[in-house]
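Here are my notes for anyone opening this one for the first time. Have a look at the structure, then read on.

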Amino acid sequence: MIRFSPLNPIEFFPVALTCRSNLPHLFCTSDHISFQCFHHPSEPPGALSIVDAQTKQTMANLTWLCHKINLGLSVSMYTLRGFDAGQYCICIGNEYVSPAIEITDVADMIEGTVLLQYCNHNNYQCMDYYPDVNGRLMFLDLRLDGGFKDSDWEFSIETDYFTTQHADVVVLHSQDVTSKKLTIGKSHGVPTGIGKHLNRIFSCDTVYINGVKYVRESDKELEVSEISKDRFVFRLPVREAAIYNCAIENANQLSLRRTPVTLRRASNYLRQL
């Protein structure tokens, strides 16, 4: 028996069941579609393949990247990238299949979406996701319909100070803060499962929205507005994260861009990745 990570950007269902996914499954050709599943070392998942959703023709047979966590648990993972625009299904043996995912390079379809890239630094607090891949953090990509409204920006200052015996105020620390509300769903709304997944994503250690690092506002709940019987708009208060450790941020940016650790110099002035 295998167990899929709840942080996966795509869902898998038994072949015998009808796929009714809560996730949109729209990706850009530049996105990396990563997913993981956990299993006993002696019971690996079935063969991995990608199938054209229209013709049902197998486009490619893929190879799992497997890692043994301990004597009773292993993780198998794969990152789908480099495929042309189209609609595909991911099959795991004859047991599991994903709903059709659409990979597009049409700017009009990508416009109005936000790219969430998220990961944990370790698996101490969450055993449903394994972050380390060959010594580099594995960021998961999820593209959702939404963004930041101009009216949802807030600007403030956090100040620490003390008052002297003469009633003078002495500032110890002052930091400007930019807060926003991430709106998912727009006018037509999204299924409630999107809100659950969004809430889970922001429990991760690191979250980037369109390449910018954000953190969830403390003690702020996910705001829900009902559009229709089963469609909702979700708004999540977030703030831009201050970058203090440049080494960690540089490593994160390399992982986000998926640049190889070793850069091979192609000439005296250019580097070939």
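The points below cover the cysteines and then the salt bridges.

1. A word on the ground rules. The model is predicted, so to speak of local features requires pLDDT of at least 70, and side-chain atom pairs count only at pLDDT 80 or more, while totals for chains, interfaces and linings use all residues. Residues are numbered from 1 along each chain as its sequence is written, and side-chain values use heavy atoms, with hydrogens and water left out.

2. Start with the cysteines. Taking a disulfide as a pair of cysteine sulfur atoms within 2.5 Å, the structure has zero of them. C91 is one of the cysteines without such a bond: the nearest cysteine sulfur belongs to C89 and lies 6.4 Å away.

3. Are these cysteines buried or exposed? Buried means under 20% relative accessible area, exposed means over 50%, and partly exposed is in between (1.4 Å probe, protein chains only). C91 has a relative accessible area of 17%, so it is buried. C204 counts as buried too, at 9%.

4. Now the charged pairs. Side chains of opposite charge can pair when their charged atoms come close. With a salt bridge defined as a side-chain nitrogen of Lys or Arg within 4 Å of a carboxyl oxygen of Asp or Glu, the count is seven.

5. One of them joins E158 to R239, with the closest N and O atoms 3.1 Å apart. This pair links distant parts of the chain, 81 residues apart: E158 sits in strand 16 (residues 154-163) and R239 in strand 21 (residues 232-240). Strands here are DSSP runs (E, at least two residues), numbered from the N terminus. E158 is partly exposed, at 40% relative accessible area.

6. E223 is partly exposed, with a relative accessible area of 28%.

7. What else does E223 meet in a salt bridge? The partner is R235, at 3.8 Å from N to O. R235 is in strand 21, 12 residues from E223, and is partly exposed at 22%. Through shared partners, salt bridges join D152, K181, E223 and R235 into one network.

Technical notes. Helix = DSSP H or I, 4+ residues; strand = E, 2+ residues; numbered from the N terminus.
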